[in-house]
Amino acid sequence: MKEKNGECVENKVYEHRVLKRMSQKELADAVGVSKQTIYVMEKNNYSPSLVLAFRIADFFDVDVNDIFSYVRGSD
């Protein structure tokens, strides 16, 4: 989700979920959110809380930086 100054948090949730052959609902249930939250996150229209980001990374057994990345905007 891009902020006014162009910065955003991009993610690879979709890629990790597909590699595990999971549905959005299955991932949502595993990390304690709604299917809609996973859907908008995969579309980069929602930046998760730090707790949720770490929960997702922990679920996939990867570092949080492997899934989420900060993109600087224009200064």
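Reader: Is Gln24 buried or exposed in this model?

Author: In this predicted model, Gln24 has a relative accessibility of 14%, and because buried means under 20%, Gln24 counts as buried. Gln24 belongs to helix α2, which covers residues 24-31.

Reader: Which residues does Gln24 touch, not counting those up to four places away in sequence?

Author: With those neighbours set aside, Gln24 touches Arg17, Lys35, Ile38, Tyr39 and Glu42. Of these partners, Lys35, Ile38, Tyr39 and Glu42 are also residues of α3 that α2 meets.

Reader: How should I describe the packing of α2 and α3?

Author: Two packed helices are described by the angle between their axes together with the distance between those axes. Here α2 and helix α3, residues 35-42, pack at an angle of about 110°, and their axes are 8 Å apart. That angle makes α2 roughly perpendicular to α3, because 65 to 115 degrees counts as roughly perpendicular. The crossing in which α2 passes α3 is right-handed.

Reader: Which residues of α2 meet α3, and what is the contact made of by class?

Author: From α2 come Gln24, Lys25, Leu27, Ala28 and Val31, and they meet Lys35, Ile38, Tyr39 and Glu42 in α3. Sorted by class, this contact has five nonpolar, one polar and three charged residues.

Reader: Which residues of α3 are buried, and what do they pack against?

Author: The buried residues in α3 are Thr37, Ile38, Val40, Met41 and Glu42. Together, the buried residues of α3 pack against the helices α1 (13-19), α2 and α4 (50-60), and also against β1 (8-11) and β2 (68-71). Ile38 and Glu42, which are buried, are also among the residues that Gln24 touches.

Reader: Which feature does UniProt place at residues 13-67?

Author: The unreviewed UniProt entry places "domain: HTH cro/C1-type" at residues 13-67. In the model, the end C-alpha atoms of that span lie 6 Å apart, and the span is 69% helix and 0% strand.

Note on methods: Residues numbered from 1 in each chain as written. Predicted model: local features only at pLDDT ≥ 70, side-chain atom pairs only at ≥ 80, totals over all residues. Heavy atoms only, no water. Helix = DSSP H or I, 4+ residues; strand = E, 2+ residues; numbered from the N terminus. Buried < 20%, exposed > 50% of the residue type's maximum accessible area, 1.4 Å probe, protein only. Contact = heavy atoms within 4.5 Å. Axes fitted to C-alpha atoms, helices over the stretch in contact; angles between N-to-C directions. Parallel < 35°, antiparallel > 145°, perpendicular 65-115°, else oblique. Left-handed = near helix turned anticlockwise from the far one by under 90°. Nonpolar A, V, L, I, M, F, W, Y, C, P; charged D, E, K, R; others polar. UniProt positions renumbered as here; feature names shortened; annotations may be inferred.
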